[in-house]
Amino acid sequence: MTLKATPLNSAHRAAGAKMVDFGGWDMPVNYGSQIEEHNAVRGDAGMFDVSHMCVVDLQGANARPFLRSLLANNVDKLQAPGKALYSCMLNPQGGVIDDLIVYFIDETWFRLVVNAGTAEKDIAWIRERNETTGSGLAITPRRADLSDDGIALVAVQGPNARAKVWDTVPAVRAASENLKPFNVAFVKDTPFGELMVARTGYTGEDGFEIGVAANQVEALWNALAANGVKPAGLGARDTLRLEAGMNLYGQDMDDTVSPLDAGLAWTVDLVAERDFTGKSALQRGQQQQFVGLILREKGGILRAHQKVVAASGNAGEITSGTFSPSMQQAIALARVPMDVAVGDTVHVEIRDKKLAATVVKLPFVRNGKILAA
Amino acid sequence: MNIPADLKYTESHEWVRQEADGTLTVGITEYAQDALGDIVFVELPTVGKTFTAGDDAAVVESVKAASDIYAPVSGTVTAVNQATADAPDSINANAYDAWLFKLQPADAGAIDGLLDAAAYGKTTEG
């Protein structure tokens with residue numbers, strides 16, 4: 001099978017990136033040292049090509065009521081244009097079809113950004129719901145390989161990320177200087193065309209996620225690099241999001257996992273007098289809890305699918321694990337039984353050993369500071 | 001990619017050096033460290049442990065993944081390199097200095113069955 005490539009593929013190769021097959025996409029895992037890329041984002045500014053993620057525009061008079069029933073979070077939290085919301089999209093069984101961000105552009109136009117590996121499944125589901133509900137929306141995927149006017153995405157992240165974006169594209173400053181987290185601004189007439197500048201990210205650091213015309217993204221990428229924004233690969237993206245306690249679709253949750261069991265109850269709005277797909281299935285409540293683990297003994301690195309045994313003898317499982325470059329310890333996200341509490345010692349089975357780990361509240365790291373120890 | 005001509009190799013990317021005292025020194029190759037990325041954990045065998053060729057003998061973990069290191073030939077562990085375990089990234093810095101363990105081979109001729117530099121080089125191409 002031919003791998004899909006983003007518009008930055010040749011730029012990654014020219015920069016000496018190690019490329020890997022990431023869910024059918026030919027993507028950079030690092031450009032040298034994953035740890036240096038991680039540290040650049042925690043301490044300065046790094047950038048990620050996330051053009052494999054898919055922008056999907058929903059346009060029509062019924063956009064809001066459609067999203068009200070499509071998403072587990074309540075789109076009515078978006079009252080001012082330019083606001084954004086993180087949400088799960090659930091199947092009728094209450095499992096997570098995908099997690100996404102929805103941007104409110106105007107009453108007839110909402111924009112979703114969905115994951116790479118799930119985009120086709122998501123679009124098919126959204127189209128089916130559009131048909132079934134008779135919502136009459138125009139549903140337009142804007143990923144570069146699916147659209148003539150494709151949108152590429154670059155995440156610029158780190159304490160100096162915003163300043164370096166402003167240095168690189170001065171026209172962005174006025175529009176985004178007062179932009180609050182989870183808000184988006186559209187900046188017309190930059191040297192790179194119109195830019196969608198969202199104060200969002202997947203690293204636990206400040207920064208922007210920038211949408212740019214696919215044919216302009218390489219020029220923008222090179223200009224950011226010339227201003228000292230370090231290209232970072234999917235390897236660093238994974239350690240950063242794991243330290244930030246953020247779920248990765250397909251690893252920490254999927255179609256079979258309830259958002260309540262994946263630490264995402266805060267994104268599920270069960271209070272409102274609103275029905276949405278999956279709501280009735282969630283009435284069974286939370287069955288497991290999603291926590292952080294820090295390994296306390298030497299003997300390996302925490303990894304996905306390792307078994308976690310609580311003092312009660314009940315068992316759970318690590319969903320994502322790694323060596324934390326910021327903490328210099330093995331850390332993990334895990335789904336554990338309800339009788340486990342923060343501060344407890346649990347034991348993780350690594351090869352032939354059972355090693356002690358401490359249960360901690362997420363996130364591990366936020367804005368450069370270690371919060372869990 | 002650096003593949004020293006004076007070493008022997010396995011298809012699973014271990015390098016093996018014949019020492020004057022008859023022991024074999026084992027590490028992982030430049031290619032292996034590059035594929036693994038930043039190495040953050042090394043588990044060494046215990047001295048005196050006996051392996052059959054192909055047994056799991058050590059573990060090297062990078063940020064990304066865990067990788068088993070196999071005994072290239074049958075033999076008994078005579079020494080381990082604690083310095084490598086204490087500084088796992090020394091393998092990234094110089095894979096051919098940061099050895100893992102030494103084996104007294106059960107059969108002194110077994111090393112001849114391993115790949116030479118040219119043959120190993122071919123396995124890492126394409």
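**Exercise 1. Two domains of chain A**

Determine how far apart the centres of domain 1 and domain 2 of chain A lie in this predicted model, and describe the contact they form.

*Solution.* Step 1: locate the domains. The assignment places domain 1 of chain A at 9–51 + 147–242 and domain 2 at 54–141, with domain 3 at 288–373.
Step 1: take the centres over C-alpha atoms; those of domain 1 and domain 2 of chain A are separated by 24 Å.
Step 2: Domain 1 of chain A supplies eleven residues to the contact, and domain 2 of chain A supplies nine.
Step 3: classify the side of domain 1 that touches domain 2. This side holds six nonpolar residues, five polar residues and no charged ones.

**Exercise 2. The fold of chain A**

State which secondary structure elements chain A contains, and explain why chain A may be called as compact as a globular protein of its length.

*Solution.* Step 1: count the elements. Chain A has eight helices and 21 strands.
Step 1: consider burial. Of the 373 residues in chain A, 49% are buried.

**Exercise 3. Chain A meets chain B**

Identify how many residues each chain brings to the contact, and which strand of chain B gives the most.

*Solution.* Step 1: eleven residues come from chain A and nine from chain B.
Step 1: on the side of chain B that touches chain A, strand β4 (residues 39–43) gives the most, with three residues.
Step 2: this side of chain B comprises four nonpolar, one polar and four charged residues.

Terms used:
Residues are numbered from 1 along each chain as its sequence is written. Chains are lettered from A and ligands numbered from 1 in the order in which they are written. This is a predicted model: local features need pLDDT of at least 70, side-chain atom pairs count only at pLDDT 80 or more; totals for chains, interfaces and linings use all residues. Helices (H or I, at least four residues) and strands (E, at least two) are DSSP runs, numbered from the N terminus. The radius of gyration is taken over C-alpha atoms; the globule rule is 2.2 Å times the number of residues to the power 0.38. A residue is buried if 20 or more other C-beta atoms lie within 10 Å of its own, exposed if 12 or fewer, and partly exposed in between; C-beta atoms are placed from the backbone. Two residues are in contact if their C-beta atoms, placed from the backbone, lie within 7 Å. Ala, Val, Leu, Ile, Met, Phe, Trp, Tyr, Cys and Pro count as nonpolar, Asp, Glu, Lys and Arg as charged, and the others, Gly among them, as polar. Domain bounds come from an automatic or database domain assignment.
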